[in-house]
Amino acid sequence: KDTATVSEGVAYGMLIALFAGDWETFNGLWVYNSIMRQEGAHKLMPWLLVGFYNPDKATSATDADLDIATALILAYQKTGFKPYLDSALVIGNLIWTHEIDPTTLLVWPANDRIFWDPSKSAWNPSYFSPVAFRLLAQYDPYHPWLDALDANYNWLQAVQNDNTGLFCDWAYPNGTC
């Protein structure tokens, strides 16, 4: 049977290992992510790898990239080990450059060019990570993460159902579902 790895799984594994204090697993996943980022478009980890090393999709998954940056910043805060922070800031810069819409500051689901035309693609609210934006804002003076945080919160309000309070699965940047 084929095996596969998804970047979200690596991100979740890093967060779980961090909170469990399992530094061997955390560091192993960090190294794996660092190596696999070289295989992806724009040096972000491909969201899908077949057999652990072969990218099936070169595009990233923004939620994974944000979770990995979060795990690395939290690891830095816990240990003071600067390479964690340096890696998180590299990923943060790539997220800003390739996964944040420069006009609206909304989070794209991936670094695939299909998302660069808001009239043709819908975005998913679950890709927005307020904690990642707040953590990146603490350490990255080069990007207005808090402005993007506000823009994404405003967008979430626009795509929230007034009756149920639920959000659309996928919605357009103009707030329509």
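Me: Relative accessible area under 20% is called buried, over 50% exposed, and anything in between partly exposed (1.4 Å probe, protein chains only). What makes K82 partly exposed or exposed?

Reply: The model is predicted, with local features requiring pLDDT of at least 70 and side-chain atom pairs pLDDT 80 or more, whereas totals for chains, interfaces and linings use all residues. Residues are numbered from 1 along each chain as its sequence is written, and side-chain values use heavy atoms, without hydrogens and water. K82 has 46% relative accessibility, and because this lies between 20% and 50%, K82 is partly exposed.

Me: How do you know that K82 and D86 form a salt bridge?

Reply: A salt bridge needs a side-chain nitrogen of Lys or Arg within 4 Å of a carboxyl oxygen of Asp or Glu. The closest N and O atoms of K82 and D86 are 2.6 Å apart, so the pair meets the cut-off. A search of the whole structure finds one salt bridge. D86 is also partly exposed, at 33% relative accessibility.

Me: Why are K82 and D86 separated by about one helical turn?

Reply: K82 and D86 both belong to α4 and are four residues apart there, which means about one helical turn between them. A helix here is a DSSP run of H or I with at least four residues, a strand is a run of E with at least two, and numbering starts at the N terminus.

Me: What makes D65 a residue without a salt bridge?

Reply: D65, in helix α3, is buried, and the nearest side chain of opposite charge, R37, is 6.9 Å away. Lys and Arg count as positive, Asp and Glu as negative, while His and the chain ends are not counted. Because the cut-off is 4 Å, the 6.9 Å to R37 is no salt bridge. D65 does have contacts (heavy atoms within 4.5 Å). Leaving out neighbours within four places in sequence, they are L44, M45, S60, I91, I95 and E99.

Me: What is meant by the largest nonpolar core, and which residues touch the most other members?

Reply: A nonpolar core is a set of buried Ala, Val, Leu, Ile, Met, Phe, Trp, Tyr and Cys residues joined through side-chain atoms within 4.5 Å. The largest one here has 50 residues, of which M14, F26, L72, I100 and F133 touch the most other members. Helices α1 (7-20), α2, α3 (62-79), α4, α5 and α6 (145-158) each supply at least two residues of this core, and α3 gives the largest share, eight residues. Beyond four places in sequence, the residues touching L72 include M14, F26, W30 and I91. In soluble globular proteins, nonpolar side chains tend to be buried together.

Me: Why are β1 and β3 said to stand at the edges of the sheet?

Reply: The sheet is open, with three antiparallel strands in the order β1-β2-β3. β1 (4-6) and β3 (54-57) each have a single partner strand, so one side of each is left without a neighbour in the sheet. On average, neighbouring strands are turned by 30° against each other, direction ignored. Such angles are taken between axes, which are lines fitted to C-alpha atoms (for helices over the stretch in contact); angles between N-to-C directions run from 0 to 180 degrees.

Note on methods
Two strands pair if DSSP finds at least two bridges between them.
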